[in-house]
Each structure stands twice: as C-alpha cells, then as structure tokens.
Amino acid sequence: MDILIEELNGSLWAAAVDKKGQLQGVEVDPAHEEVRWGSVYWAKVARIDAAQDAAFVNLDGENIGLIHNADVRIKQKDGSYKKGGDVAIGKVLHPGQMIAVQAKSAYLPADPNGDHPWLEDKNPRVSMNISLPGRYLIHLPLEHENRVSQRIRDKKLRAQMLSMLDAMGQCEGCILRAASANMQTDVLVREGKLLNAIWSQLQDYFSGEQPALIMEGPDAIHRLISDNAGQTIDRVEITVMDHYQIVEEWCELYAPDLVTKIVPVELPGAQTDMALFEEREITGQIEALFHPYALLPSGGTLIIQETAALTAIDVNRAGDDRPALAINLEAAQEIARQLRMRNMGGAVVIDFLKMKKKPEEDSLKKALEDAFNNDPCTVQVHGLTKLGLMEVTRQRRTPPLIDRVETEAV
C-alpha cells in the first residue's frame, strides 16, 4: 500500500492506494475547519444547560463546545477519576471554571448553500476523558484499566492481546488497537512511554484563566497512517516539502520503519493542482465518491442516498444474473468500503436483494461484519428488520467527506 499526500487551496489531502491502484482510504483537513477531532483545549465553562444536563465551554475564545454529563470526569481523593452522571452537571461544573477537554467531533461552519442544507450548525462535542492516539496504542491518562479494542471480536485473539498488555508492565489506561496484534511487546512499551511523556508535557499548559488550544488533533496524514498501521506500507509519497518534514517527525516518533519509505516527488503543477493524484490515476476514483451510486465489480449497482435521519443503500442487480446471495456478498464488501471512503455515519439501512433461506441471511450478516474489520471507526451490524432491511450504525470521527471538501476542487 502507498500513502499519497497532496495539498490544494490550503486543504491537506492524504490517500491510501493498494497495489492494484484502488483507493482504500482518503482523509482531508479542509482549510476552513475550525475544530479538529482529537484537539486538546484548556477551556472555560460558559454556561450550564440543565435541560440537556450538559455545559457549553469556551474552547479558544471563538469556538464553543458542548460537554455532556457522561463526559465529565471528577477527581477523587485517591487521585483516580470518576465518570460523571451520578449528579446533575450543575453540581460538578460552574460558569468560569477552567477544565481540560478534548474534541470528540470535528467542527466545520455550516454552509446553508451546500450539499446538505438540513445540517445544523452544531457545537463540537468535547470530553474531559482525554485520549492520546498512537500508531498501535491509545492512551487514556485518566483511566487505569487496560483493554483491547472493541473491534477485536475473536476471543482467542483478544486473550492473546490481553496477555500482551500484561507483559507491558507499567502501562496504565492503554487500549491496544487492532493493528497491534502482531507487534512485538518492546515496540508497544516504547509507544506507551512516548504517550505518557506527551501527557506529562500537556499538563504543564493546563493553567491560567484564558481558554486556549493546547494541542491539535491528528491531521489527515497521521490519521491515515495510523488507520493503516496493520497494512504493509511501501511508500509515502509527498509533493510539498513542508509535509515531508511533518511526516518525517511523526514517523521518527511512532513509525521508525516508515522513515526510509518517505519519498519526495517532483511533478509539474504540484503547487497548484492535484498533480500526484493525477499521476497515480486516483482523481476519478475520488470524484466517484461524490456520486449517489457505486458500481459493483460484476455489474450490479449501489444507490446511496443520505438524508437528515439516515443513509439508505439499495442493492440492484443491473443485469447481473447470479444468485442473490453472490451479489449481496459482493455488495457487502463494497458497501463497507464506500461507507469508510465517504466517511458516512449514524444510522445506515441497506436493502439487499431478497433471500429466502435463513442460513443465507446469517452468511450475509457475517460477511458484512467481516468487511467492516478494516474500518477505523466503530461499526455495528444489527441485523435484518422485519421488512428485510439490514441495519448498521457507524460512529465517525469527522464530518462526511462531501462536507470536508469543495467537490469542484477535485
């Protein structure tokens, strides 16, 4: 797999391409993004909203975040932290109080003339339970329990990874990511110490009476490399030298094995257009992600419609005369890829081709669950409704791709 890094009109693009030239991942940091997912703030409580049992907090003097009671953390006498929710948030937080929070969702100003005029200009959700993501670990400094990512469903693998956690010694509040399954313990220990050191440095900035951004969350490059940590990355191609230095510094910390694979690429027009994406012939694949349909390899089609409440996907034969199960299994793979690439979230209902046998339905559900194993976001396949629709939920980190880019720029 190759990672390709571009910049256009101030927006940072990162794409993952497999050996066949097929796009497997795309991340974008738009120039107009005001709050990035994962950013840490020293915030001031602005007001309490008793109706929502939540509080609005001033993040940086301009942006306001929303923290729900369940995302509050209360320090106990023994130094541990307790999750909020037992009492009203107004009894724990008060206006003017300074707290350290992290953005759990990104924030883009709403565009009433954009593709999704129904979307509200919502405040970004924040939490006091700060997490620091690495390549193989996620460190939660306010927690003491170590655990394995929920994405690991295999019981034997989970047991093996829990043994790895035990062997790491002093690591506390660590989550093993799926990509760590085949890593050596010393690599994980090194990353755990690094994340611990970052947390120690961050705490030095949690002081004063003015809200401020303390640390930006992972950018598009870091998210894409981390999300593909379980894949073999052959090259990281970059056209802008400023990005070269950023990637090199990050890889020296989290991915030393990738340092020698970072390749600067000189192309005509690299500063004004997507020259690298054009060179690697993935521009058309990115443009296809903005269409309300997708083509299946054997001739079928997916119709993808996003509404305010949910995303609906319809599977069509389109001349493919194979059995319904065969088409559905192929569709399951592409649906997982499309949701990941388009970064769609929330409730998803899928109208697969009708099948008459229960074992076929079970086989399809299992195939869909397996197809989501490579998704960096939390995905749950809930099964078929009485109407025969497959229900899926996907908890995304950032707004959907279509909201993060100006489609005419691609």
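User: Which residues is methionine 161 in contact with, leaving aside its neighbours within four places in sequence?

Analyst: Contact means heavy atoms within 4.5 Å. By that rule, methionine 161 touches Val148, Ile152, Leu176, Arg177, Ser180 and Ala181. The model is predicted, so local features need pLDDT of at least 70 and side-chain atom pairs count only at pLDDT 80 or more, while totals for chains, interfaces and linings use all residues. Residues are numbered from 1 along each chain as its sequence is written, and side-chain values use heavy atoms, with hydrogens and water left out.

User: Where is methionine 161 placed, and is methionine 161 buried or exposed?

Analyst: Helices are DSSP runs of H or I with at least four residues, strands are runs of E with at least two, and both are numbered from the N terminus. Methionine 161 sits in helix H1. Buried means under 20% relative accessible area, exposed over 50%, and partly exposed in between (1.4 Å probe, protein chains only). Methionine 161 has a relative accessible area of 0%, so it is buried. Its C-alpha atom is 12 Å from that of leucine 137, a residue 24 places away along the chain.

User: How do I check the span of helix H2?

Analyst: The expected span is 1.5 Å times one less than the number of residues. H2 covers residues 185-203, which is 19 residues, so it should span 27 Å. Its end C-alpha atoms are 27 Å apart, which agrees.

User: Which residues of H2 are buried, and which are exposed?

Analyst: Leu188, Glu191, Gly192, Leu194, Leu195, Ile198, Trp199 and Leu202 are the buried ones. They cover an arc of only 160° around the axis, which puts them on the same side of H2. The arc is taken from the directions that run from the helix axis to the C-beta atoms. On the other side of H2, Asp186, Lys193 and Gln201 are exposed.

User: What covers the buried residues of H2?

Analyst: The cover includes helix H1 (155-167) and helix H4 (241-254). Strands S11 (132-133), S12 (137-139), S14 (174-176) and S15 (212-215) are also included.

User: How many salt bridges does the structure hold?

Analyst: A salt bridge is a side-chain nitrogen of Lys or Arg within 4 Å of a carboxyl oxygen of Asp or Glu. The structure holds 24 of them. One joins arginine 397 to aspartate 227, with the closest N and O atoms 2.8 Å apart. That pair links distant parts of the chain, 170 residues apart. Arginine 397 is in the loop between strand S23 (390-395) and helix H9 (401-404), and aspartate 227 is in helix H3 (residues 220-227). Arginine 397 and aspartate 227 are both buried.

User: How do strands S5 and S6 pair?

Analyst: Two strands pair if DSSP finds at least two bridges between them. S5 (residues 54-58) and S6 (residues 64-68) pair in the antiparallel sense over five bridges. Valine 57 stands opposite glycine 65 in S6. The two strands form a hairpin with five residues between them. In the turn, glycine 61 has a positive phi of about 95°.

User: Which residues other than glycine have a positive phi?

Analyst: Most residues other than glycine have a negative phi. Aspartate 53 has a phi near 50°. It lies in the loop between strand S4 (40-49) and S5, and is partly exposed at 28% relative accessibility. Glutamate 281 has a phi near 60°. This residue is in the loop between helix H5 (275-279) and helix H6 (283-288). Glutamate 281 is exposed, at 67% relative accessibility.
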